[in-house]
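Me: Could you walk me through how the two chains of this model meet? I am new to this, so please keep it friendly.

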Amino acid sequence: MNKVYSRIESITGNVITVKAEGVRYGELAEVKTRFGASLAEVIRLDEGLVSLQVFAGGRGVSTGDEVRFLGHPMRVSFSDDLLGRIFDGAGEPRDGGPTLSENLITIAGPSVNPSKRIIPREMIRTGVPMIDLFNTLVKSQKLPIFSVSGEPYNQLLARIAMQAEVDIIILGGMGLKYDDYLFFKDTLEEGGALQKAIMFVHTAADPVVECLMVPDISLAVAERFALKGKNVLVLLTDMTNFADAMKEIAITQEQVPSNRGYPGDLYSQLASRYEKAVDFSDAGSITILAVTTMPGDDVTHPVPDNTGYITEGQYYLKGGRIEPFGSLSRLKQQVNGKTRADHRSIMDGMIKLYAAYKDTLEKKSMGFQMSAWDKKLLRYGEAFEREMMDLSVNIPLEAALDKGWEILASCFEPQETGLRTELIEKFWPKKTA
Amino acid sequence: MTKTTGTVTGVNGNMVGVRVQGAVSMNEVAYIRVDEKRLKSEVIRVRGDLVQVQVFEITKGIKVGDPVEFTGEMLSVELGPGLLGQIYDGLQNPLPEVAEKAGNFLEPGVYLDSLPRNKTWDFSPVAKVGDRVQRGDLLGTVPEGAFSHRIMVPFGLYGAYTVRSVRPAGAYRIDEPLVELEDERGNLVPVSMVFRWPVKRAIDCYAERLRPVQPMVTKNRIIDTFFPVAKGGTYCIPGPFGAGKTVLQQVTSRNADVDIVIIAACGERAGEVVETLKEFPELVDPRTGRSLMERTIIICNTSSMPVAAREASVYTAVTLAEYYRQMGLDVLLLADSTSRWAQAMREMSGRLEEIPGEEAFPAYLESVIASFYERAGIVRLRDGKTGSVTIGGTVSPAGGNFEEPVTQATLKVVGAFHGLSRERSDARKYPAIHPLDSWSKYKGIIEAPVVEYGREFLFRSAEVGAMMKVVGEEGTSLDDYIVYQKGEFLDAVYLQQNSFDPIDAAVAPERQKRSYALVLDVLSAEIAAKDKEDARQFFYALRQKFLDLNGAEYKSERYAALEAEIRALVAGRKKGVDPRGARLIERLE
Ligand SMILES: Nc1ncnc2c1ncn2[C@@H]1O[C@H](COP(=O)(O)OP(=O)(O)OP(=O)(O)O)[C@@H](O)[C@H]1O
Ligand SMILES: [Mg+2]
C-alpha cells in the first residue's frame, strides 16, 4: 500500500492537504521535510483532498515535501518493556533507550461497555486529611486538581502517587516545564517507583500537536495493563495545555468557537479521555489524577468548567491548601460508609461549621462586634485550617477523625455542632480535668 | 422499489458526505460499509445528490468511495413486551448482550435485537374477529412484571381496520403474527407483539390531552411541599457541576410515585449509570414488592460514547415513555443532562457549517427543546383511561450561569424550576435547590397558602441575614433576629434532606405534612428570649431534636417521644401565637 505523494496542496498552521486516494480517516502518514521526518494524522477527507495534522508542526514544511501514507492509525508498542521508560508525545524514546516496535496497539479505542464496569469500592489512602477525611479518593476515580498556576500541584500529584498502593504509574506530561519533568523523574527514582512507572512527556518546547497525543497514548497503555489485571494510576499534567492545543488546531481549521475560542466539542474531547478511568468487572483498574490549571483563578473558565462536569469531583488547590469549598470527591460515599461510623457526620458537620466560620470572618472584616458564637467559630476556623487543611499534615484517616472531634470539643458545646446525639455520645471526647 | 445506495465523498469528525443514486429522506437510516463492518448513520442534510449523514460510531477507518446503503426507514425503536429492565444505548442496543457478544469494549458496528426473540409471552386476546379498530387500540395483553402490557394496533397503521383473525390465548414469541387486520381496501396486515416507531415523532394515539393537576410525589420534602411536580408535567434542574443534579435524579428514580421510570443518561458519566444498574435489581419497589429494575428502563449514552447517538438517546427514551403511557401508566422520564444533548446538536450544526446562534448553539435550539418537553403530558386514551409522561431534565450551564441558551430555552417551557445553587452545595445544604429562586406552577401535597406561610419566613430570614451582613448582629433587633433563626431552622430541618440516610432519604406525604405542621408550630410561635444568644441556643437545641426526629422511623416510639419533646420545648418558650399561622396549621390537620 504505502503510496507516496510528492505534492502538498496547502499548508495552514500545522495542517497540510494532499490530493490522495484510498486514504482512511484517522490514518497516519509520514512527512519528510528538510528537518527530518514527522508523523501526521488524517483529520479530514473531502473528495480527493486529504487534510493532515503534522505532529512536528507546519513550520518548514515545503509544498515539494514527500508524504507517505502508512495504512494504519496512531499506535504505540505495548509490553512490560515500557516499564521504567520515558517517551515523548509521539511515542519516541526520550531517555536514549531503544525504540519499541513490537505488539503495536491502536490508541483512542472505543469506550468500555458500561455493563462491564463495576461500582468503585476501594479507598485510596493518601495521608492528606482534606482528601482521606473530607473527599476520599477512590480506586478508578477520575479527579483533577484545579489549581492556580504557581501552586505546588505537581508536588501534590507526586506525593499522592508515591503514597498510593498501585501496580503501575503512568505520567502523561503536556507542556510540562523541563524542571517539572525532572522533578517527577527524581521523585519516582528516589521513592524507588521508577521501575513501575512509564512516562510520556511533552515539554513546553515540543511541537504542539504532540501534546494532543499524550493522554491517548498514556491511557491506551494504561488500558492494556488494566486488562491484564493491574491497578494503574495515570497522572495527567496539565490538561489545560491539552485543551489549549486543541483550541489552537480548531482555530487554524476555522471552526466556529463556542466559548472563548474553544471548540464546541471540548466537553466530548475531554470526556473521551477521562472516561477511560474504569474498574473492570473481571480485570484491573485505571485511576486518573489530572492537573487543570485555571487561567486567572477562574473556575468558570471553559477548561475547568467542562472538566468539572466530566470528572468525579475535583481538588481545589489554593494558597498551598486543598480548599474545602469547591473540592469534592463524588465517589466518597461509596467508601466512607465503611470506614468508621463517624466519618460521614464529621465530614459534613465540620464543613458546615467551617462555612459558618467564613461568614463570621466576613462580618469581622467589616468591623462588626463578634458575638459569643462568632468567637467560637473564629477559634474553630483557625484550628481547622491549622490542623486539617495544612498540606504538611500527614496522618491516617482514623487519626484525622479523632483530631476532628478534638477540635470540635475544644470549641463548641455538643448541641452546637449539629451532629446527631448518638454519635456525640459515642465519640465526644470526655472532659479530662 | 430498489434500495438507494451511495458512496462516501468525505469525512469530517462524525459527519460523512455521501453521493447518492436514488431517493433519500431526511432522518433516514443509512449504513456505511467499512471492511467487514456496517456503521449506522442518519441523514441530516440533503442537497441534490449530496447527502450528509451523522455516524453513530467512531468514523476512523472510513475512506472516500466506501459504499453506503440506505434503509428507507427513519431512525426508530422497537416497541413490545420486554422493554422493562433493559439497559440500552442511545440506539436501543441492549448493552449487556452487546458485552456478551463483543466483550469489554463497544466495538463499532455491533447492532443487536432490542427485544429478545427467543422468549415467549402469555398472550390473552381481547379483540374479536369483526371488531373495527384503529392505531393504538387494544388487541390483547401479556403480563410484563407487575403490569398488564397491552398489545396494540401498531401506531404506524393509519386508517381503519377490521379484525380478521386472532390467535387463541397461549405463549408466543414477540415476532409471531397474532392478529390479522384488514384495511379498507381489503389488504391483510399481520400484527405481532412488536412494531417500530420513529423516535423523532411524538406518539399521538389518544383522545385528548389533559391538564396536569395531580402531584407526582418524589418523597423529597422541598419538592413535594415547595416546588411540586405534576404527573404529566415538566421540570428542570439546572445547576453548576457537583451541585447535586444527578443525586437528586437518582433518589427521584427510586422513590417517585409512578409506574415506570426511564432514565436517560445522556452524555454524562458511565460510572453513574453503573450505580443504578447494579443497585436497582437489589432494591424493592414498595408499590409492587418487586425489584426496582422491573419498573425501570435505562438509556445509556454516556459522555465518551459517540455523540450522534447521544443526540438520538433522548428521543429513544421519550418514545419508550410514550409507549407505556399508551397502556394507561404513569411514566417518569429523567434526562441527565439535556445540555449534553444540546451540545451534540451544536457539534453537528458546526460541522454542517450552519450559521451559529448564541454560544455557537444552532438557531433552532429553542424550538427543539420546546418540542422535546412538549412530549410530556397526561392524556385520556380512547378507552377512557389516563396515562402520563412526566419529564425532568437536568441542565448543565457553562460556568454555572443560568443566563445561557440551554437554561433559558428550557425555563421557557417547563412547569417547575429546581435551580441548584453553588453556595448551598458548597455549604453541604442538600438537596441544593435554591428555596428563593426556584418555582413551580403545579399544585403540591400541601395547600398553597400553608406553603406560602413557610416561604415568607425564608424570604424575611434571608432579608434579615443580608441586613445583618451590613449592620452586624448588634444592629439587628431581637425580633428580626428570631425571624432570621426561624428561617434558618425551616431550612435546616425541612428543606435539607439527607439522601444517604435510610429514613430521611424518602419521606412520604403523610409524614411531610405532619413534619411541616410541627415546623409551623415553631414558625407561628412568638418566642420568648432574653437576648440573641439565648434565642440562638434555643433554636439550635430545637434543630438538634428535629434532626434526630428526621432520622427516626415514622410513628415509632422514638418518633413520638421526640415529637413530644419538640412540642414541649416550643411550648416552654411560647408567649403568644400568630393567629394566621394557627389557622393554617388547623387546615393542615
Ligand atoms: N442530596 C445529597 N446528599 C448528600 N450529598 C450530596 C447530595 N447531592 C449531591 N451530593 C454530593 O455532591 C456530589 C455531586 O453530586 P452530583 O453528582 O449529583 O452533581 P451534579 O450536579 O450531577 O454534577 P455534574 O453536573 O457534574 O454531573 C455527590 O457525589 C455527593 O457527594
Ligand atoms: Mg451529574
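**Where the chains meet**

Reply: Happy to! Strand S5 (residues 36-46) of chain A and S1(B) run antiparallel and are joined by 2 bridges; strands (E, at least two residues) and helices (H or I, at least four) are DSSP runs numbered from the N terminus, and two strands pair if DSSP finds at least two bridges between them. This is a predicted model, where local features need pLDDT of at least 70, side-chain atom pairs count only at pLDDT 80 or more, and totals for chains, interfaces and linings use all residues. Residues are numbered from 1 along each chain as written, chains are lettered from A and ligands numbered from 1 in written order, and side-chain values use heavy atoms, without hydrogens and water.

Me: Which residue of chain A stands opposite Gly10(B)?

Reply: Look at S1(B), the strand that holds Gly10(B). The residue opposite is Asp46(A).

Me: How many salt bridges does the rule find across the interface of chain B and chain A?

Reply: A salt bridge needs a side-chain nitrogen of Lys or Arg within 4 Å of a carboxyl oxygen of Asp or Glu. One pair is Asp501(B) with Arg420(A), at 3.0 Å, N to O. Across the interface, the count is 6.

Me: What is the area buried between chain B and chain A?

Reply: Buried area is the accessible area (1.4 Å probe) that two parts lose on being put together, summed over both. Carbon and sulfur atoms give 50% of the total here, which is about 6800 Å². In chain B, the residues that lose the most area to chain A, together 12% of what that side buries, are Phe241(B), Arg269(B) and Arg428(B). So the value you asked for, by that definition, is about 6800 Å².
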